[in-house]
Amino acid sequence: MAVDSKILEQALRRYRQDREDHRQRWAARADAIRRTVPRAAEIDRELRSTAGQIVAAAFRRGADPTSALSALQERNLSLQRERAELLVENGYPFDALEEKPLCALCNDTGFTDQGICRCLMAYCTREQNRELSKLLDLGSQSFDTFDFSLYSQEFDPAEGTSPRENMEIVYELCANYAHSFSRRSGNLLMTGAPGLGKTFLSACIAREVSASGVSVVYDTAAHVFAQFERDKFGREAAYDEDAGSDINRYLNCDLLIVDDLGSEMTTAFVVSALYQIVNDRLMSGRKTILSTNLTPEEIGRRYSAAILSRIEGSYQILTFFGEDIRKKKRP
């Protein structure tokens with residue numbers, strides 16, 4: 001799956017800084033060891049000289065360099081054994097003067113023949129969580145902390161079930177969605193009154209999916225549409241496929257979560273932008289979660305029948321109902 005270019009850029013910056021810090025710490029330790037064990041420093045210098053002699057012998061003309069190479073290589077191995085013994089005698093690991101990469105898989109490049117190395121992917125995950133945490137409380141919002149006791153067990157005749165039983169079903173669907181997210185996953189529409197857990201469960205999904213190395217973008221509808229409008233009217237040229245643009249991230253991330261749809265001022269431009277998001281992401285097979293206080297019927301009236309048709313045909317609709325649980329949490 002795709003790695004958000006903005007996230008990758010930030011991750012690479014931190015990755016390279018940590019790699020340089022590691023190199024400097026190793027160099028400082030190595031210098032201290034050489035001062036403590038002067039003979040080790042002499043051996044290091046001789047090894048470097050031996051390496052040069054091996055290269056020179058390999059390219060020497062007019063004589064067979066095989067015997068010279070063999071002798072130099074044997075001398076090299078002898079020096080390495082002597083250095084290792086000296087280091088151990090002085091309380092250091094035998095390989096203390098050998099610079100080792102933080103990641104043996106990619107040799108600290110961040111990439112393997114298969115693509116991004118798992119060490120760099122871990123940096124991407126941390127950077128993505130930093131981005132998500134700007135809007136979401138990822139520290140406390142997780143499936144493990146979801147509290148069903150906040151939902152009433154009283155049967156609701158209009159819904160045919162109780163808020164508690166409904167939320168148990170919705171929770172299970174969201175948890176399964178997050179834990180098994182893939183290109184085959186569907187899209188979700190979370191609909192219901194304010195304060196029923198839509199944002200909380202959106203955050204839970206974002207946290208879980210992000211941890212698997214998938215590119216996730218979470219934003220409020222108001223900000224998403226503001227970015228489209230700024231890009232359209234803020235400069236002469238219409239937006240292009242710039243890797244760093246917010247619009248590019250909205251359209252091309254693996255999972256886009258748009259929260260509070262309907263809170264923005266709805267204009268013809270907003271309707272057009274929403275259709276582009278919904279339609280383009282469906283056409284490209286990328287997944288979307290929309291969260292709104294509007295009912296599906298209200299979505300159709302506000303944004304057009306065409307958008308509602310696309311949503312009803314391609315999204316699983318999760319309905320939230322009951323009392324505002326945020327009021328129950330207040331002391």
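The model is predicted: local features need pLDDT of at least 70, side-chain atom pairs count only at pLDDT 80 or more, and totals for chains, interfaces and linings use all residues. Residues are numbered from 1 along each chain as its sequence is written, and side-chain values use heavy atoms, without hydrogens and water.

**Strand 3**
- Strand 3 (residues 187-192) is largely enclosed by the rest of the structure, because 6 of its 6 residues are buried (under 20% relative accessible area, with exposed over 50% and partly exposed in between; 1.4 Å probe, protein chains only).
- Helices (H or I, at least four residues) and strands (E, at least two) are DSSP runs, numbered from the N terminus.
- Asn-187, Leu-189 and Thr-191 are buried on one side, and Leu-188, Met-190 and Gly-192 on the other.
- Strand 3 pairs with strand 7 (residues 315-320) in the parallel sense over 6 bridges; pairing takes at least two DSSP bridges.
- Strand 3 also pairs with strand 6 (residues 287-292), in the parallel sense over 4 bridges.

**Helix 5**
- Buried residues of helix 5 (residues 163-179) include Met-167, Val-170 and Cys-174.
- Strand 3 and helix 6 (198-211) are among the elements covering the buried residues of helix 5.

**Helices 10 and 11**
- The axes of helix 10 (residues 296-303) and helix 11 (residues 305-314) come within 6 Å and cross at roughly 140 degrees. Axes are lines fitted to C-alpha atoms, for helices over the stretch in contact (heavy atoms within 4.5 Å), and angles run from 0 to 180 degrees between N-to-C directions.
- Ile-299 and Tyr-303 of helix 10 and Leu-308 of helix 11 are among the contact residues.

How values were computed: Expected span 1.5 Å × (residues − 1).
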